Number of protein chains: 6
Amino acid sequence: MKGRTAKETLAITTKIVLPNDTNTLGNLFGGQLLAWMDVIASVSAHRHSKRVVVTASVNHVSFQQPINHASIVTLEAKVSRAFSSSMEVFVDVFVEDHVTGKRQKSNEAIYTFVAVDQNGGPIQVPELIPETDEEKMRYEGALRRKQLSLILAGKMKPSDATELKKLFFEEND
Amino acid sequence: MKGRTAKETLAITTKIVLPNDTNTLGNLFGGQLLAWMDVIASVSAHRHSKRVVVTASVNHVSFQQPINHASIVTLEAKVSRAFSSSMEVFVDVFVEDHVTGKRQKSNEAIYTFVAVDQNGGPIQVPELIPETDEEKMRYEGALRRKQLSLILAGKMKPSDATELKKLFFEEND
Amino acid sequence: MKGRTAKETLAITTKIVLPNDTNTLGNLFGGQLLAWMDVIASVSAHRHSKRVVVTASVNHVSFQQPINHASIVTLEAKVSRAFSSSMEVFVDVFVEDHVTGKRQKSNEAIYTFVAVDQNGGPIQVPELIPETDEEKMRYEGALRRKQLSLILAGKMKPSDATELKKLFFEEND
Amino acid sequence: MKGRTAKETLAITTKIVLPNDTNTLGNLFGGQLLAWMDVIASVSAHRHSKRVVVTASVNHVSFQQPINHASIVTLEAKVSRAFSSSMEVFVDVFVEDHVTGKRQKSNEAIYTFVAVDQNGGPIQVPELIPETDEEKMRYEGALRRKQLSLILAGKMKPSDATELKKLFFEEND
Amino acid sequence: MKGRTAKETLAITTKIVLPNDTNTLGNLFGGQLLAWMDVIASVSAHRHSKRVVVTASVNHVSFQQPINHASIVTLEAKVSRAFSSSMEVFVDVFVEDHVTGKRQKSNEAIYTFVAVDQNGGPIQVPELIPETDEEKMRYEGALRRKQLSLILAGKMKPSDATELKKLFFEEND
Amino acid sequence: MKGRTAKETLAITTKIVLPNDTNTLGNLFGGQLLAWMDVIASVSAHRHSKRVVVTASVNHVSFQQPINHASIVTLEAKVSRAFSSSMEVFVDVFVEDHVTGKRQKSNEAIYTFVAVDQNGGPIQVPELIPETDEEKMRYEGALRRKQLSLILAGKMKPSDATELKKLFFEEND
């Protein structure tokens with residue numbers, strides 16, 4: 001199974017924020033953005049695996065700045081790393097200025113998908129090949145995040161999370 | 001500002017999974033569930049704070065088992081802990097068996113909301129008082145999760161995450 | 001077939017009123033509320049019968065006070081009485097005050113559902129056992145409402161509607 | 001204020017039943033039909049009153065036969081009678097045969113609307129002038145239904161419901 | 001196969017413009033109107049052919065005047081001409097004045113549909129019989145529009161478009 | 001006002017076809033695609049003009065091949081030419097093969113938008129600078145299409161449509 005570059009998995013979607021997507025302050029609901037991110041991230045994971053993919057988990061989505069009604073919002077998703085049947089996908093969210101057209105990053109999210117066969121069972125996916133610096137950094141971090149998930153789910157002992165422990169020890173040096 | 005019990009913040013919603021909520025395998029889209037969870041969690045945070053609340057982050061949502069088309073799905077949200085202007089909310093998702101009526105837990109998610117005033121600025125919220133064992137356990141874990149978020153966001157040094165470090169040290173004993 | 005208490009059939013859902021749910025006065029559309037009530041009432045009827053249920057009729061829904069955009073609305077549905085294959089369901093609608101959190105009843109509706117088998121044919125359901133005073137009062141009234149429906153549909157002679165006639169005669173005494 | 005004929009208040013809408021409108025048997029949800037009926041009935045009431053109208057109550061909607069996915073459904077609404085600020089509206093629902101094109105009546109519903117001014121207060125509407133036999137019959141029945149609603153709401157004594165009582169006495173003669 | 005009059009193919013739908021249907025100026029989105037027109041035009045083509053119909057092309061939709069939020073919009077579709085398996089359908093869009101009730105034409109669109117069998121293959125449809133002056137004028141123009149479409153699609157030489165050329169030559173006389 | 005290249009106006013969106021987007025043959029509704037194209041085309045026109053834009057007309061959309069449920073559909077919109085306050089936008093639609101990932105063009109559409117100020121009045125837009133061969137070809141054709149629209153709307157005499165007439169004369173040589 002030949003590896004695929006991160007670039008090949010890029011999926012883009014642009015949305016306009018409609019009234020029904022907003023809260024009483026007139027800003028985009030977090031839940032609506034979560035749903036949009038899930039769809040475009042699943043397209044990215046599909047482009048990597050060429051399989052039906054299902055959401056396995058969501059991690060570390062943060063909502064720093066409100067996104068207003070009528071904003072033009074662009075979501076870009078790319079697989080950051082593949083593990084046997086699962087894929088970690090980063091989604092970067094940008095809002096563009098109505099006058100200058102400059103786009104500003106407003107959110108970043110990390111989703112994990114599993115590729116499944118017709119019966120819903122997990123199935124192997126190709127390796128992910130990072131190329132740019134950002135892709136490589138995210139690729140590296142993916143293992144640490146995976147260990148963290150396993151610990152939090154009670155499926156790994158903290159003492160076995162070698163990558164994650166470095167985070168604490170290295171800094172202690 | 002008087003504290004509020006977790007029980008007072010309970011918010012419940014029951015949904016039926018419609019065709020548009022499902023993927024090609026006929027199961028509920030992760031993104032749709034994320035949006036449903038966000039809405040009911042925001043109601044819980046509102047019941048705690050009596051303020052407009054906005055989603056600040058999502059952590060650790062996992063999707064273990066597929067939820068089928070036409071399933072009756074119940075989401076229960078409760079604030080697990082409050083910090084100055086933010087609230088951590090747990091959402092438990094249950095699916096009920098069509099024949100026996102037995103409900104089975106299918107998902108668990110943790111969202112964080114911030115209470116804001118009319119200008120969108122953060123505003124103080126009451127303390128959360130846990131009562132049951134589960135509420136207390138979640139209350140305890142909230143601080144650890146908060147430290148983890150701060151580290152991952154680069155806003156805290158791992159060496160200062162006293163609660164989180166215990167996770168590794170205790171087990172090493 | 002063992003009877004089921006009204007309490008066992010309770011179904012709850014909480015909604016936030018979005019812009020698309022409102023009319024030009026900024027209040028919840030009656031039609032949207034009718035659709036929400038139908039869904040949660042069908043969940044209640046399903047919990048009673050453990051069968052696919054279809055709406056048979058709607059009676060006496062009144063809309064006293066407008067419900068504003070962004071309101072948090074809670075619907076509670078309970079079976080009030082069962083007749084061979086049909087179930088009468090009451091839906092109580094509450095709106096909560098944004099500041100005090102006090103909830104106020106804003107609507108009451110009565111729906112009737114029929115339990116059906118795979119071919120859509122009617123199928124027997126368990127008896128409903130009322131426990132509280134309100135449940136008993138609604139249970140009593142159900143027969144009168146059923147007779148009224150039959151008369152209005154031309155399927156019963158007014159002279160045979162013994163329960164309903166009491167309404168007129170008792171008061172004449 | 002000049003009266004308006006029932007014909008002038010006719011409002012028509014044709015829909016195609018989509019997957020999201022259907023239950024697990026593949027038939028149109030009652031709740032969806034209730035919402036559609038409310039919208040078209042409100043257009044009819046608006047055409048009569050030329051005012052913003054709000055749903056006041058729903059009475060006697062029955063669902064005799066299932067309506068399948070992909071059906072072409074036509075709703076026709078007409079005001080049946082006007083009382084100071086309220087209007088009773090009948091909605092007739094038809095489904096057309098895909099091969100012969102013959103349309104068959106599948107539902108009938110009665111809604112009541114109130115015309116309101118900018119502050120939501122009730123405002124006078126023109127008289128309704130029935131012309132056809134059916135329009136006249138529905139016009140006659142409207143008073144009886146109004147009395148019935150008032151009794152059920154505890155706002156009229158059964159002994160004062162002169163029109164309604166005839167239903168029982170006439171038949172007893 | 002007996003012909004069908006244009007009148008027999010008339011399909012009507014009335015909509016209220018909701019917040020989600022509007023742009024930042026508070027007017028109906030063009031795209032939403034295009035979708036509504038497609039649905040009602042397909043009903044008209046179905047009434048003509050009694051077959052599943054699929055959109056083949058859209059031509060010459062113009063949007064002259066904005067349609068405001070909360071407007072009552074009526075769409076009327078009628079087949080203007082049939083060619084072997086395809087049908088040209090005109091959709092006229094009207095907005096009604098909230099006070100006078102006068103309706104004003106706001107848009108006109110021309111869609112083409114193809115009738116298909118269960119495998120999606122084209123299938124013959126009846127002839128269309130125009131009766132009124134407008135129906136006849138649209139019937140005449142349909143051939144010219146068909147030739148124009150074929151030329152633009154590179155499927156016909158301009159020199160063979162006899163009907164279309166008249167447009168230029170006649171005026172040159 | 002400095003011109004803008006076609007490339008700068010590129011807007012992309014990727015969608016998954018859901019059950020509610022499909023007809024009884026399980027294929028994407030034409031009307032849904034028309035709405036999607038309108039939104040992404042308006043984003044492109046906005047990126048060119050940095051103004052609120054409203055749909056002015058739709059021309060020549062053709063639907064050659066059905067797009068199935070669950071397809072991943074990508075729409076790419078680019079301004080092809082600007083005229084004082086209006087912009088012609090091309091939308092190319094691609095469907096990707098689930099196994100090979102190869103994307104195949106399935107539709108092409110031409111929309112026209114007008115840039116408007118806060119009162120809805122037309123406002124000048126920058127020139128469009130085509131760069132690639134395709135962009136140049138579409139730029140050239142835009143004037144011909146504009147003349148055709150003006151003739152069909154009765155706003156230009158065929159004899160004045162110099163660009164359009166070439167289509168017929170050149171070939172006659």
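Burial is judged here by relative accessible area with a 1.4 Å probe on protein chains only: under 20% is buried, over 50% is exposed, and anything in between is partly exposed. The model is predicted, so local features need pLDDT of at least 70 and side-chain atom pairs count only at pLDDT 80 or more, while totals for chains, interfaces and linings use all residues. Residues are numbered from 1 along each chain as its sequence is written, chains are lettered from A and ligands numbered from 1 in the order in which they are written, and side-chain values use heavy atoms, with hydrogens and water left out.

Start with chains C and D. In contact (heavy atoms within 4.5 Å) are 36 residues of chain C and 36 residues of chain D. Between them the two chains bury about 3000 Å², 68% of it on carbon and sulfur atoms; this buried area is the accessible area (1.4 Å probe) that two parts lose on being put together, summed over both. On the side of chain C that touches chain D, the elements giving two or more residues are α1 (30-49), β3 (52-63), β6 (103-116), α2 (133-152) and α3 (162-172). Helices (H or I, at least four residues) and strands (E, at least two) are DSSP runs, numbered from the N terminus. The largest share of that side, 11 residues, comes from β3(C).

β3(C) also pairs with strand β3 (residues 52-63) of chain D, in the antiparallel sense and over four bridges; pairing requires that DSSP finds at least two bridges between the strands. Within this pairing, Val58(C) has Val61(D) as its bridge partner.

Now the charged pairs. A salt bridge is a side-chain nitrogen of Lys or Arg within 4 Å of a carboxyl oxygen of Asp or Glu.

Arg47(C) and Glu96(B) are buried.

Another lies within chain F, where Glu135(F) and Lys78(F) have their closest N and O atoms 2.8 Å apart. Glu135(F) is in helix α2 (residues 133-152) and Lys78(F) in strand β4 (residues 72-83), so the pair ties together parts that are 57 residues apart in sequence. Glu135(F) is buried at 8% relative accessibility, and Lys78(F) is partly exposed at 23%.
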